[in-house]
There are 2 protein chains.
Amino acid sequence: MSQESPKRPRGTALREQVMQTALELFSDRGYFNTSIHDIRRAADVSIGAIYHHFGNKEALAKALYDDLLMHMERDIDEACFGRGNCADRCRAIIARLFESTAESPRMMQFVLLAQHREFLRDEPPICSSRPFQAMKQVVEDGIRNGDVRAIEPWVAASAMFGGALRMMQLSLDNALERPLATYLDEVFECGWRAIRS
Amino acid sequence: MSQESPKRPRGTALREQVMQTALELFSDRGYFNTSIHDIRRAADVSIGAIYHHFGNKEALAKALYDDLLMHMERDIDEACFGRGNCADRCRAIIARLFESTAESPRMMQFVLLAQHREFLRDEPPICSSRPFQAMKQVVEDGIRNGDVRAIEPWVAASAMFGGALRMMQLSLDNALERPLATYLDEVFECGWRAIRS
DNA sequence: TTGAAAAACGAACGAACGTTCGGTACGCTT
DNA sequence: AAGCGTACCGAACGTTCGTTCGTTTTTCAA
């Protein structure tokens, strides 16, 4: 009788259970307002299991961060796939980011709003992480083939996606009246007008 | 012999000394990585003096936050003063924000990047603070008199200032090669193209 | 000069935290 | 069945932190 995790999760299931719980608590109350004992209680696992899988609290946060960045990167790659046009790509990226913000607000909260450098001391700033580099790359390609005006790449990337990212923050802060997706057309239109040639 | 604070500051001087030290430590290492004892040591004051003036650690952070928001609001008001034109106002606001970022990076770091809701639990999100409301108001006025296209105000404000704010973050993260001010023209141009009618 | 309020001081405290470690339970190979 | 390594358990530990409070110093009006 090989029952599949009847009550307490074991192995990989436990690992994921802890990470999901940690994400909830970290994004709700913040890293420093969440103790390992809080996670232990909420995830219904033991202290020892957490330390067995992650080593320490910081490493747990790092595992979570890496996992979420990977998801985000995959989202962006998928959005670009099959679209050669710069404008189409940018629009698809924003659309995907808006979807993720609506579907997994905690994930976006953690990736965008959390001050990782406060607890992941020698992690590079988020602007140099793969997903953000990919967004900048799309705009640079647009400049190279003339779809986008010849301006400083950082400025172009900030102009194209800065408004969208700000709208995502507003949405996470519950400052918007309507669902984030309903603003997509206007947000993209603004960003594109800013940089198109 | 009424010597003016020869060694140890007293009264208002001490209060400001503590706040300045707290700003340095909070923006460098973060709120939770800075203990009251750290501030005591760095500011060369006593624990008792800090508690006498601020009550507790959270209240110290709140006093700092309020003070910095006030400065920022005054900066924005001054930038708008005497300029009736929406585009001129927006440009002046961005210019002033860029100056402040270069002159007082710690202040901007603390106001923009710090996750205040982690330690100032019932503080409203920064987007609803006075300075940000003022920026939105400028854009709304522009919509009303036709300088700006008729779009959702939040979208317009995000498009106009989102790129600039993102550039400020990049600058604080040392991701830019040149001084922030040198990007001003391009950044404003992008924002304005995004929303002008 | 005096007296009382305000400001400053800092040793001490208790709670909470991240982590350790000696142990048990389980699954797999021999 | 025996041996072994991995997974899991949780009481206990040492440290750090925010805060308290009895005391001393300074200020200033009377």
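**Conventions.** Residues are numbered from 1 along each chain as its sequence is written, and chains are lettered from A and ligands numbered from 1 in the order in which they are written. For this predicted model, local features need pLDDT of at least 70 and side-chain atom pairs count only at pLDDT 80 or more, while totals for chains, interfaces and linings use all residues; side-chain values use heavy atoms, with hydrogens and water left out.

**Chain A.** I looked up the secondary structure and found 10 helices and 0 strands. Helices (H or I, at least four residues) and strands (E, at least two) are DSSP runs, numbered from the N terminus. In sequence order the pattern reads α-α-α-α-α-α-α-α-α-α. The C-alpha trace of chain A spans about 60 × 35 × 35 Å along its principal axes.

**Interface of A and B.** I counted 41 residues from chain A and 42 residues from chain B in the contact, where contact means heavy atoms within 4.5 Å. The buried area is about 3500 Å², with 59% given by carbon and sulfur atoms; this is the accessible area (1.4 Å probe) that two parts lose on being put together, summed over both.

I then looked for salt bridges (a side-chain nitrogen of Lys or Arg within 4 Å of a carboxyl oxygen of Asp or Glu). There are 2 between chain A and chain B. B:R178 forms a salt bridge with A:E152, with the closest N and O atoms 3.8 Å apart.

On the side of chain A that touches chain B, α7 (116-119), α9 (153-172) and α10 (184-195) each supply at least two residues. α9(A) gives the most, 10 residues. That side has 22 nonpolar, 6 polar and 13 charged residues. Here Ala, Val, Leu, Ile, Met, Phe, Trp, Tyr, Cys and Pro count as nonpolar, Asp, Glu, Lys and Arg as charged, and the others, Gly among them, as polar.

**Second largest pocket.** A pocket is an open set of points on a 1 Å grid over the protein atoms alone, where a 1.4 Å probe fits, with protein on both sides within 12 Å along at least five of seven lines; lining residues have an atom within 4 Å of a point. I noted that the lining includes A:R15, A:E16, A:D67 and A:H71. α1 (12-29) and α4 (57-80) of chain A each give two or more residues, and α1(A) has the largest share, 5 residues. The lining divides into 5 nonpolar, 3 polar and 3 charged residues.

**Salt bridges overall.** A:R96 forms one with A:E78, the closest N and O atoms being 3.2 Å apart. A:R96 lies in helix α5 (residues 86-103) of chain A and A:E78 in helix α4 of chain A, so the pair ties together parts that are 18 residues apart in sequence.
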